[in-house]
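Q: I am new to this structure and would like to learn how to read it. Could you take me through it step by step?

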2 protein chains.
Amino acid sequence: MSSIDHRATPETALRTDPIETARRNWTDAGWADVADGMALVTSIMRVQQLMLGRVEAVLKPFELTFARFEVLMLLHFSSRGALPVGKIGERLQVHPASVTNAVQRLVAAGLVERSANPADARSVIASITPSGRERVLAAAARLNAEVFGDVGVEADDHDALFALLADWRAAHGDFRR
Amino acid sequence: MSSIDHRATPETALRTDPIETARRNWTDAGWADVADGMALVTSIMRVQQLMLGRVEAVLKPFELTFARFEVLMLLHFSSRGALPVGKIGERLQVHPASVTNAVQRLVAAGLVERSANPADARSVIASITPSGRERVLAAAARLNAEVFGDVGVEADDHDALFALLADWRAAHGDFRR
């Protein structure tokens with residue numbers, strides 16, 4: 001266990017899986033037919049909470065949230081280091097308001113610059129600054145070392161789990177097949 | 001597709017999976033060894049976002065968030081309809097501050113009552129009220145019908161996916177094996 005996650009440690013681990021308990025409660029309530037769906041949704045919520053906790057603990061010293069890290073990374077990997085703000089929201093599948101907020105904070109921190117879009121007066125371009133590139137690469141190096149290098153899934157299970165999650169995302173229109 | 005999720009619809013679906021694009025970028029940057037981990041963590045974040053959007057859209061008319069729904073459901077299924085606030089946080093694996101906040105809002109809405117714990121002066125008991133039970137059962141019926149009954153995962157895949165996610169949760173100390 002990493003020391004990063006202070007909510008779930010061997011000391012605080014529950015003796016029984018709370019989602020199995022919820023599944024039993026659902027079944028006893030006469031909702032057995034939807035208990036599997038409840039268990040899957042609740043599992044996703046908990047894994048996300050555990051991973052977000054680890055990720056944001058690593059990003060904190062870089063003064064980045066995961067949302068802002070993703071925006072910077074997308075700009076870093078774009079061919080010109082710049083994208084229309086609307087396009088960023090589309091690629092990251094997040095609310096326009098959340099992207100606007102993330103970009104504002106990145107601008108305030110000097111990691112991104114905003115400029116008018118010569119091709120479209122209604123849209124705004126966000127560009128990564130040299131200090132934005134430096135910050136996001138340093139943050140990526142820490143995330144790679146402390147989280148992505150060992151996320152807690154057996155290597156043999158990576159492909160199966162990724163494929164099942166991709167099916168699930170595709171079923172909700174996350175991308176087109 | 002449900003009409004609930006307004007971020008990802010067939011119209012807004014990306015033509016290529018953005019996580020596959022990120023994986024390629026990671027590999028090209030020389031981080032191939034951690035690209036699988038990045039892809040899994042990002043997959044979890046996106047599935048969670050999609051499911052939370054659906055769940056919270058269903059809960060909105062009930063003036064509940066998923067966090068508050070979970071607190072009410074836990075109290076409803078508890079043998080006395082009451083639990084110490086600290087125990088609620090433990091079972092739901094959420095920050096004490098988040099539970100306190102959820103309980104405060106439930107109390108303000110008349111769905112939960114707080115009382116002193118006769119067994120421990122430092123702890124507070126939260127009890128579900130009759131209107132709390134009515135509200136949470138109505139909300140559960142809608143969630144069961146609109147989300148949990150068809151979460152977007154093929155029935156054949158439910159067990160495999162649940163087991164892989166349970167392994168992942170257990171690896172992070174979500175519960176003890």
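A: Helices (H or I, at least four residues) and strands (E, at least two) are DSSP runs, numbered from the N terminus. A residue is buried if 20 or more other C-beta atoms lie within 10 Å of its own, exposed if 12 or fewer, and partly exposed in between. This is a predicted model: local features need pLDDT of at least 70, side-chain atom pairs count only at pLDDT 80 or more, and totals for chains, interfaces and linings use all residues. Residues are numbered from 1 along each chain as its sequence is written, with chains lettered from A and ligands numbered from 1 in the order in which they are written.

Q: Which residues of α5(B) are buried?

A: An α-helix has 3.6 residues a turn, so residues three or four places apart point the same way. In α5(B), the buried ones are V99(B), A102(B), V103(B) and L106(B). Seen down the axis of α5(B), they fall within an arc of 100 degrees (taken from the directions from the helix axis to the C-beta atoms), so they line one face of the helix.

Q: What do the buried residues of α5(B) pack against, and which exposed residues sit on the face turned away?

A: Their partners in chain B are α3 (66–77), α4 (85–92), β2 (112–116), β3 (124–128) and α6 (130–148). The face turned away from the buried side of α5(B) carries the exposed A97(B), Q104(B) and A108(B). Just after this helix, G110(B) takes a positive phi of about 75 degrees.

Q: Which residues touch the most other members of the largest nonpolar core?

A: In soluble globular proteins, nonpolar side chains tend to be buried together. A nonpolar core is a set of buried Ala, Val, Leu, Ile, Met, Phe, Trp, Tyr and Cys residues joined through C-beta atoms within 7 Å. Here the largest has 90 residues, and V41(A) and V41(B) touch the most other members. Leaving aside neighbours within four places in sequence, V41(A) is in contact with M51(B), V55(B), V147(B), F148(B) and V151(B).

Q: How many residues of chain B are in contact with chain A?

A: There are 59 from chain B, in contact with 58 residues of chain A. On the chain B side, α1 (18–28), α2 (32–59), α6 and α7 (158–171) each supply at least two residues. The largest share, 16 residues, comes from α2(B).

Methods
Contact = placed C-beta atoms within 7 Å.
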